[in-house]
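Here is a brief report for a first look at one model. It covers a pocket, a helix and a surface patch.

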Amino acid sequence: MSSINNYDLIVLGAGSGGLGASRRAARLGQKVALFEGSPRLGGTCVNVGCVPKKVMYNTAKHAEFIHDHSVYGFTVGEHSFNWTDVKTKRDAYIKRLNGIYDANVAKDEIDTFMAEARFAPGHDQPTVEADGKLYRAPHIVIATGGRPSVPPVPGHEHGITSDGFFDLDTQPKNVAVVGAGYIAVELAGIFGGLGSKVDLFIRKEKVLRVFDSALSEMLMNELPRGGVNVHPHTQLQDIKKEADGTLTIRRITDGKEVTGGGYDCLLWAVGRVSNVEIGLEHVGVELERGNIKVDEYQNTTAKGIYAIGDVQGKALLTPVAIAAGRRLAHRLFDNQPTLKLNYENIATVIFSHPPIGTVGCSEAEAIAKYGADQVNTYQSRSINMYHALKDVKDKVPTIVKMVTLKPNDKVSFDFRDDLLRHLNVCGYVLLLVYLSLVAVKSGMCLCCVFQGQDEQCLLCPAAARVCTGLFANNCCLELDCISGFHWPQLAHFEN
């Protein structure tokens with residue numbers, strides 16, 4: 001081994017959290033070493049996560065628009081979809097983003113090493129080894145992220161994960177998706193929206209079980225409309241690859257054995273595991289349920305070693321990891337010893353069909369925390385104006401649900417007569433989640449699900465009154481930990 005290279009900060013992992021911490025520390029004048037074991041910067045989100053996923057979501061939305069054109073008087077001729085063309089353009093877009101990240105770390109004068117780094121044994125201080133060289137710093141951040149898990153079902157190797165989804169060169173025509181979480185419903189919805197036949201196999205009775213029941217129940221009703229056939233109470237027994245390359249799946253559904261074949265793609269979306277195989281035992285970093293154990297300040301059980309992002313198992317969202325990394329850098333290098341990320345009431349969006357936005361407690365969580373006698377729920381169901389000209393059977397509902405605490409629900413207006421009757425007419429993703437966050441920060445717990453064209457907002461006067469009413473409660477906002485978006489400044493709304 002060579003002599004030890006010394007830095008002020010070492011960061012393991014160049015995903016969202018690692019880049020957030022390293023770049024902020026470098027801007028604060030620190031000498032930073034950044035290690036990344038894959039060939040590209042950006043981590044899961046940029047390369048095999050939310051960024052390419054949103055491209056594919058938008059692609060599937062275009063298919064929905066084409067389907068709806070005739071409702072609005074347009075004559076649509078023959079059309080086809082070229083998955084390979086979209087993949088080529090999407091990959092080029094991601095490559096450009098990788099180049100931007102390369103340029104940014106170079107601009108911040110960060111020493112970047114495209115190599116796997118591990119804690120080295122046999123040293124009296126935490127020391128990192130990569131490519132046969134040793135590195136040391138008084139502060140080391142672990143931001144190694146996670147990876148999709150695959151169950152030990154016989155024949156599991158014939159399937160792919162969400163990572164493999166982005167490697168598909170052509171569109172599968174007959175797809176089996178296994179899982180009930182947000183990744184499963186998002187990718188199943190993309191396949192179905194683009195015309196693939198999709199079977200979604202789930203172990204329990206519904207998808208998105210950790211979310212509010214109103215969200216999961218509505219999505220269970222809407223998934224078949226988007227071409228996704230849901231099979232509850234299903235356990236896969238084995239997968240066999242046939243001579244023609246297709247897959248045959250044997251499963252138990254509702255206690256009965258069923259065998260189905262002809263699948264040209266099996267996608268596992270059954271959860272993720274943290275990347276912790278980096279020699280943690282050599283430095284005394286402990287795990288908790290497979291994730292790195294941290295306190296509220298991102299400290300691990302080893303002095304001078306911290307963990308942020310997916311590897312610490314809380315709020316697996318890109319903006320959360322970035323915010324945690326930046327706050328950690330300011331705490332360590334900017335004389336802000338009490339600065340930390342607040343992990344409560346972080347808003348998120350699920351790009352299902354229809355999309356879902358949620359922030360705060362579900363009804364079940366609120367009851368468990370405060371007691372049923374202290375919880376009120378308010379729910380509204382309506383039809384977005386986008387669907388006004390459709391047949392009744394084709395109209396997708398909008399649902400807004402609020403979960404509040406008694407006795408006064410902590411709002412300054414009668415939202416049974418105002419908010420729930422009018423908030424849904426704003427029913428576009430960005431604004432509704434934005435309003436949701438405001439509501440929660442003013443003391444409510446809220447879940448909402450809606451259907452709309454998510455980059456557009458129409459604000460009616462009643463919704464404007466909602467905003468001013470919420471602001472009157474002196475709510476505070478933490479806008480850099482909202483999933484998936486860069487948020488604008490709050491606009492001023494007149495009463």
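## The second largest pocket

On a 1 Å grid over the protein atoms alone, a pocket is an open set of points where a 1.4 Å probe fits, with protein on both sides within 12 Å along at least five of seven lines; lining residues have an atom within 4 Å of a point. The volume is the space filled by probe spheres set on the points. The model is predicted: local features need pLDDT of at least 70, side-chain atom pairs need 80 or more, and totals for linings use all residues. Residues are numbered from 1 along each chain, and side-chain values use heavy atoms, without hydrogens or water.

The second largest pocket holds about 560 Å³ of space. Its lining has 25 residues, and E64, H67, D68, R225 and G226 lie nearest the centre. Helix α3 (50-68) gives the largest share, five residues. Helix α6 supplies at least two.

## Helix α6

α6 spans residues 182-193 and reaches 16 Å from first C-alpha to last. Nine of its 12 residues are buried (under 20% relative accessible area, 1.4 Å probe, protein chains only). Among them are V185, L187, I190 and F191. Just after the helix, G195 takes a positive phi of about 105°.

## A nonpolar surface patch

I66, Y72, F74, V76 and L389 form a nonpolar patch with about 460 Å² of accessible area together. Patch members have over 30% relative accessible area and no salt bridge, and nonpolar side chains are joined within 5 Å. L389 sits in the loop between β23 (375-383) and β24 (397-405). L389 is exposed, at 54% relative accessible area; the cut-off for exposed is over 50%.

Note on methods
Helix = DSSP H or I, 4+ residues; strand = E, 2+ residues; numbered from the N terminus. Expected span 1.5 Å × (residues − 1). Patch = residues over 30% accessible without salt bridge, like charges linked within 9 Å, V, L, I, M, F, W, Y side chains within 5 Å. Areas by Shrake-Rupley, 256 points an atom, 1.4 Å probe, with all protein chains shown as cover. Salt bridge = Lys/Arg side-chain N within 4 Å of Asp/Glu carboxyl O.
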